[in-house]
Structures are given as C-alpha cells and as structure tokens.
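Open the model in your viewer and keep the sequence panel at hand. The tour makes a few stops, each starting from one selection.

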Amino acid sequence: MSSARKPKLAVWKFASCDGCQLSLLDCEDELLDLAGAVSIANFLEASSAVQPGPYDLSLVEGSITTSHDAERIHKVRRQSKYLVTIGACATAGGIQALRNFADVNDFIAAVYASPQYISTLATSTPISAHVKVDYELRGCPIDKGQLIEVIAAFLAGRKPAVAAHSVCIECKQRGTPCVMVQGTPCLGPVTHAGCGALCPSYRRGCYGCFGPMETPNTAALAREWQALGAISRDIQRAFRTFNAAAEPFRKESTAHGDQDHPG
Amino acid sequence: MGTNVTIARDGLQALIEALRADGREVIGPTVREGAIIYDAIRDIADLPAGWTDRQEAGRYGLEQRADGALFGYTVGPHAWKQFLFPARETLWTMRRTGDGAEVTDGATPASRHAFIGVRSCELHAIAIQDKVFVSGPYPDTNYRARRADAFIVAVNCGQAGNTCFCVSMRTGPKVEGGFDLSLTELLDDTRHDFLIAIGSEAGAAIMQHVPHRPATAADLSAADSAVARAAAGIGRHLQTEGLKQALQAAPEHRRWDEVAARCLTCGNCTMVCPTCFCTTVRDHTDLAGNTARRVREWDSCFTLDFSYIHGGSVRHAPRARYRQWLTHKLANWIDQFGTSGCVGCGRCITWCPVGIDITEEAAAIANAPAAAREAHHEGA
C-alpha cells in the first residue's frame, strides 16, 4: 500500500482460549508483510503497547458470557470501522455455549470451590447477537491462511475468497476418499469448509469445527449416522461441540437425546 | 495397430519401466486410505494385487480376492480428471511494477503422464471432457497439453460393480477405442497373462520394449469371456429411451422434493463424477497489495455461490440444485454436447454419503410423469 497512513488493526479478546489470536501470531511467513501493511495498534497477546482508537479493522475473538463483556463489545464496536469476528466462540458462542442447554449455576457449583465469586451470564452468545458484525470467519481455531485472506481482502477493498460450501468439496479437491462411505460417521457434509478437510485426511470423521455450511441438511445426515450405528446420544454430542449454539446444529442436537442410552 | 499380443505378468513390469524410460510419470491404481485410488506408481508391486472393492449406494469397502488379480476391482473414488484437469490451478499472477503491472501465466503442465488401468467408462468420460476443453470454441490450453501428452493403457473390466450401469449408457464394459494399449487380464489356475490390443503408433513403439508373443485364439476367447462376464454382472440399469424428454418435461415433479429431503447438497456427486467440469475462479491479493493471483478451482452446482448473481442465488432450494445436476447430466447435456453427460460409472451412487441413486431418481420421474402435474412452485 502506498498510502501515507497505514490502517490501524486491533485484536480483542472475549470469552475464548486465545487460540484464534495465536493463529495470527502463527502467521510467521506473513507477519512482516502484515506489520508493513497495517499498524498493529492494539494486540495485547503480542505487545503491551496500545494505541488509542478508533481502529480501521478490529478482529474480535471470543463470546459474550458476562454482563461486563456485554457492555465492552459495544465500546469495541464504536471504536471500529470494520469488525470481523474470528473463530467459533465469536461467531457461534463456542464450546462454552453448552451452558445454554443447562443451568449455568449447576456448572458453577460443580466446578468452582467458591462459587460466590463467579458472576456470569446464563448463556454464551456470539458477537453478532450484540453488535453489527461486518464479517464472520469460522473455525476452532480459524485457519491462518483464511485470516490472511480476510485481512488482505480488507486492505484491497474486496470480498474475501472464503467458500461457504461443505468440507466434502475440500476433501475431494485433495483426493481424500470419503471416510463416511467407508463407515465412519462424519460431519463433513453439513460443515463449513475452511480447514482443508484436515480430519478426513487422517481417516477421522469431521468434528464440525467450522460450524454449519451454507445449507446444512442435518436431519438427513443424522439418519445416515443412525444407519452406520450411531445412537441418539452420539448424534447429540457430535452436534454439541464448538458450534453447539449455531442454529442448525442446536436444532439438530435438540432432536436427539439420551433416551437410548440412559445415564 | 489393431494387433493383439500377449504378455506375461512380468511383462507389465517391463511396460511400466518402458513408460518411465520414455520420460513419463506413470499413474495407476494403488491401495491407499482403504480404497483403490489413482496415484504415481513405480512398480508392479504398487498395483492392488488380490484386492477387490465392494460397492453399494453410499458404501465402499475393500476385500481380499481369492486370486492375485491386479485389476480385479471396478472404479474407485478417483477419476483421471484430477490429472488432466486438476482441482486447483493458478491461471495468472499479476505483479505491480514501477509504472504499471506485469502479468505472468500460471504454470504450464510439467509432467507427461501415462495412465494405467483406464476403464471403458472412463475413456468415454475423457472423450466427453475433450469436447468441453479441446473441441469447444474456447480450448483450455493446459488441459489440451496434458491430454495430448497422455499415454493411455486401458483395461477391460473382468467383473462388474454393484453400482455400475455402463451397459445402459453404451459406454462399456468392453474398451472400444481411445487408447494406446488396452489390457485384458487372463487369470486362472494355470496362468496370469494379459492380452494386449495395440491402439496407436505410440503404443506399438512402447511394445518394442516389452517381451510379448502373438495372441492365440484361446487368449482372445478367454478375453471375450472375461468382458462378457462383466457385462452380465452389471449392478444397475438406467432406461435411457425417452429419459431426456421425461426429465425436461418434469421441472415440478414431486420427486424433486423427495430427493431434496435426503440430499445433503454437499457436492460429492459432482466432485467424483468423471465428466463434471464446473469451476469457479477466485482472485487473491497479498497483504502488501503488490501481487494478485487468479486461481481456478473445481466447483459444484450444489453450492449457493455457483448460481450467485446480483441479488442472490438463482438455485436457492436444494431441490433446484439437485434438479439442475440431474437434468443437466442426463438430458440438457445432450442438447449442449451431443451425448449424455453420464457414463454409468456409478461413482455418484457409491460416494453419495446418504446413497442417493441416480438410476432410481431418473426412473422415478420417467416412470411416473403424471406426478409432474402436482406442481410445487415455492422455492424453485
């Protein structure tokens, strides 16, 4: 970019494991180019030097699980021209959205020695449930190549070239024989591409880390899982992981219960 | 040409070596990831000796054969299109220069291929892609170069697959043309030989480096019996007469809704189809804004982006996407290219994760045209 002022980049953390932010630091080959193209103004994982806003591009990791964060995300939005959520927590509520299916107080009582110090919301919700989001990048964690693509697209003023179709297309493009047709239940046909079909390339079924693809027929997939021997609880658990609260996965998991595997 | 000779099992090793000595990368069937796939082979030991495949709608598995046949399987998840028409290709790269930009073409094909084990249905599939990429008004330079350089060793099927229907599509199982050499495996308790038909001058030239003897009448007769056995054992049937008209007259058939309830819109059928050729292009720029790259990738009519135009996707409903694929493959392809787009290999049946069977879906519409009148207009 030849412009005098470099766009200011900020990275924000909400309820999350930091893995998606680390994907940015993991862009070893591209980090120098990134530092040349943007001013890294607020990225606590990388530097304690913080420049004040406003920011041209904010990358937001994590979900909203506390009333404090529910207010803080509005401050982030107000300081950000363009806001991109990165990862399953920010985009769908993350693994911590399992609380949405139960009573969070039960979890608190089970986990913490002194539950009276814990102040949390009853649900974990994606950033888009609170503020306008300009772009959502999927994955648990995100794919660093896709992150660079999104940033490069922002800098060029173009749409990111990120496909919303199934993992199957990536599987076939790399020549991996279908594990599901060979008998292993797989979420690939209903899962958003982006990982490069990593698990099937190691002969494992897809875990759905990138959340629902554009038009997921989860009911048809669940029927085929049953034909392969999966019980209702297996199906519920498969849909209740990192993207449990993404609506198509939430709905399918709710259609399956513990009835054929008590306890 | 047109000559038949016979080689022993060892002769196949000599053939692989001769093709390699001719500067070719030899691609053939080999066992990997629980399937018989196509990949680079260096030795006869890389071939799937003693293996066969068991296929049903949505199911695939390998089993040991009682004999040591090298080609005792049908077709697997791979098709030759991945070598002639790779899944991802850079078309061009543009770099910013002091006063403008410089464009360089994507990489041109580096290796000369020899394909070993090409089935009759696959030869027909290659011929169909030739119509699209070579004979059409806009030839694809890289495809044409790879195709012109490819040496094809076909093989006659000695057994049929459960999801195959080449007999219905008149694309097999007997190899009729379009090869440099064609093999028929002759295997019983007393022998393991291959009958070879020489189909081109390049094929005749290679055979000078492969020990062989003239084929006997018994060899020819054994080869004919093997192919007849495959034809008789074919697993599926598609009634093609009147099918084009029936499909084109049934855009609102109830069956499209029924199949849409099962269809995952995952795109697997189009990816494994040896004739499907649709692609998308994606433009990428680098962080510094100095380089742009246009990449072409396999795409599928089952994705929303595939039919995206200003304002949204034309085929939003899954029924519309399945209907597009089936009617294009079996009907509109004939108007467009003069042949069906289907060669009856059965891959879309086997590799559909929920086992949707193209022959069943086509028959349901062809056999019950009346249901077409029970119109569903929403979500077309």
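## Stop one: Arg213(B)

Select Arg213(B), which counts as partly exposed at 34% relative accessibility. Keep in mind that this is a predicted model. Arg213(B) sits in strand β12 of chain B, residues 213-214.

Now show its side chain together with that of Asp219(B). A polar contact of 3.1 Å joins the two side chains, Arg213(B) and Asp219(B). For a distance check, pick the C-alpha atoms of Arg213(B) and Leu195(B). They are 9.8 Å apart in space and 18 residues apart in sequence.

## Stop two: Asp180(B)

Move to Asp180(B), in the loop of chain B between α5 (166-169) and β10 (181-188). Which side chain of opposite charge is nearest to Asp180(B)? It is Arg24(B), 6.6 Å away. Asp180(B) is buried, yet has no salt bridge.

Look next at the polar partners of Asp180(B). Its side chain makes a polar contact of 2.6 Å with the side chain of Ser200(B). A polar atom of the Asp180(B) side chain also lies 2.7 Å from the backbone nitrogen of Ile152(B).

Then colour the surroundings. Leaving aside neighbours within four places in sequence, Asp180(B) is in contact with Ala150(B), Phe151(B) and Ile152(B), and also with Ala197(B), Ile198(B), Gly199(B), Ser200(B), Ala202(B) and Gly203(B).

## Stop three: Asn268(B)

Show both chains for this one. Select Asn268(B), in helix α10 of chain B, residues 268-272. Is Asn268(B) buried or exposed? Its relative accessible area is 2%, so Asn268(B) is buried.

Follow its side chain across to chain A. There the side chain of Asn268(B) makes a polar contact of 2.8 Å with the side chain of Lys172(A). Beyond neighbours within four places in sequence, the contacts of Asn268(B) are Cys168(A) and Lys172(A) in chain A, plus Trp351(B) and Pro353(B) in chain B.

## Stop four: Ile118(A)

Ile118(A) is in the loop between α5 (104-111) and β5 (135-137). With a relative accessible area of 31%, Ile118(A) is partly exposed. Together with Ile118(A), they make a nonpolar surface patch of about 270 Å².

Methods. Residues are numbered from 1 along each chain as its sequence is written. Chains are lettered from A and ligands numbered from 1 in the order in which they are written. This is a predicted model: local features need pLDDT of at least 70, side-chain atom pairs count only at pLDDT 80 or more; totals for chains, interfaces and linings use all residues. Side-chain values use heavy atoms; hydrogens and water are left out. Patches are made of residues with over 30% relative accessible area and no salt bridge: like charges are joined within 9 Å, nonpolar side chains (Val, Leu, Ile, Met, Phe, Trp, Tyr) within 5 Å. Accessible areas come from the Shrake-Rupley method with a 1.4 Å probe; for residues, only the protein chains shown count as cover. A salt bridge is a side-chain nitrogen of Lys or Arg within 4 Å of a carboxyl oxygen of Asp or Glu. Helices (H or I, at least four residues) and strands (E, at least two) are DSSP runs, numbered from the N terminus. Buried means under 20% relative accessible area, exposed over 50%, partly exposed in between (1.4 Å probe, protein chains only). Lys and Arg count as positive and Asp and Glu as negative; His and the chain ends are not counted. A polar contact is a pair of N or O atoms within 3.5 Å; within protein, one must be able to donate a hydrogen and the other to accept it, and residues adjacent in sequence count only if both atoms are side-chain atoms. Contact means heavy atoms within 4.5 Å.
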